[in-house]
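Subject: Structure handover

Hello,

Here is the structure we discussed, with the sequence. My notes on what was found follow below it.

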Amino acid sequence: MVGIGGGVLLIPLLTLWVGVPIHNAIGASLVAVIATSSAAASSYLADKLTNVRLAMTLEITTASGALLGGLTATFLNRFTLEVVFAVALTVLGFHMLRSSRQREGNHEPFHPNSRLSSEYVDSYSKKTVRYGVRNLPLGLGVSFLAGNVSGLLGIGGGVMKVPAMVLAMGVPMRAAVATSNFMIGVTAVSSAFVYYSRGFILPQVAVPTALGVFIGSLFGARIATRMKGSRLTVFFALVLLVFAAQMALNVLGIRMR
Amino acid sequence: MEAGKKSASDTGRDESLLFRAVLVYGLGISFLSMTIGLVLAAFNPGAPIVPLSLSDLITGLDQLQPSAWLNLGVFLLLATPMARVAVSAVVFVLVHDNLYCALTTAVFLILLVSFRLGVH
């Protein structure tokens, strides 16, 4: 709905409300993230919004980051992982509150000699938007971090990739969201195999979650188009902060439902 | 370079549709397998549902174990982005884009490392 894969909401829901251990919740979330991002990516591909070459380039660092993140997470105990997750939710919540007015960066001009340059037809204005890509090393660095966070916490990492592409690399917002979704499947798979091998992907949790989130995302996309974007972001930011507080209390041994 | 530039605009359309097909069919057969698993589980309430290794999974499919079909669904879902990367590598070979073929192969190798570390 707001461009986040849903993992960030799923994990607190599964751990705090359903009582699933956090490692299994992360495993289930990764599976759900692959389902929703693949579905989203396929519709963006049909609209020709995805910059495939940029995605392939950034996938190198994001996949290796995710692999490392996944390995790290399997060595952390439940307590440490919950603390890390509570901190991440807080940071993300405040970040969303601040950026609730979505800013567009300055588009990088089209470079005819660069194979990363791309174009798409904007569905509102019916105009062809041509753009280039700048600051590739910074983008590669952020992608590595996003992959790391994704593997560690079981989220897609789009929440880091999209702002990096828009603000630092000069990619238009719509192309950035499409390209990020195209990459998320690969990011999530890099760490999902690690979780799979450790037996952290419980089919009885992962399958209903993946199917449920997939169906939910179909409805979510419809509701989202009828709501004002900035209000939606503020709402989700507040939900994240509530979850962060609950997770923190949970770590301290206080259970609230 | 000239060939690569040309391919970026000329074959962009077909590439997108091919990647889209891989994702859609991957999701479709994965969800189908998950649904079969759920139906089997509904008819065998006592059957254990546990994570399975790839080899146990394959033997379980024959015996219509709900667990095997659910695990297969998860496994096919994980294989979908991997298949997309493999197809991309082939596409870049066909359009003679060596740089992107190398990059995509590198991504595939990282996924293979993860797979080797992961699935036994």
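A salt bridge here is a side-chain nitrogen of Lys or Arg within 4 Å of a carboxyl oxygen of Asp or Glu. Counted that way, there are 3 salt bridges between chain B and chain A. One of them pairs D97(B) with R53(A), where the closest N and O atoms are 2.6 Å apart.

Please keep in mind that this is a predicted model. Chain A has a mean pLDDT of 82, with 88% of its residues at 70 or more. Where pLDDT is low, the predicted coordinates should not be read in detail.

On the interface: 45 residues of chain A and 50 residues of chain B make the contact. Between them the two chains bury about 4,300 Å², and carbon and sulfur atoms give 76% of that area. L78(B), R84(B) and Y100(B) supply 14% of what chain B buries against chain A, more than any other three residues.

R53(A) also has its charged end over the ring of Y100(B), 5.3 Å from the ring centre. In chain A, R198(A) lies over the face of F75(A), 6.0 Å from the ring centre.

Over all chains there are 8 aromatic pairs. One of them is F92(B) with Y100(B), a tilted pair at 5.8 Å centre to centre and 45° between the planes. F92(B) is buried, at 0% relative accessible area, and Y100(B) is buried too, at 4%. Ring pairs also join F193(A), Y196(A), F75(B) and F115(B) into a cluster.

Regards

Methods:
Residues numbered from 1 in each chain as written. Chains lettered and ligands numbered in written order. Predicted model: local features only at pLDDT ≥ 70, side-chain atom pairs only at ≥ 80, totals over all residues. Heavy atoms only, no water. Phe/Tyr/Trp six-rings, centres within 6.5 Å; stacked < 30°, edge-to-face > 60°. Buried < 20%, exposed > 50% of the residue type's maximum accessible area, 1.4 Å probe, protein only. Lys NZ or Arg CZ within 6 Å of the ring centre and 35° of its normal. pLDDT = per-residue confidence, 0-100. Contact = heavy atoms within 4.5 Å. Buried area = accessible area lost by both parts, 1.4 Å probe.
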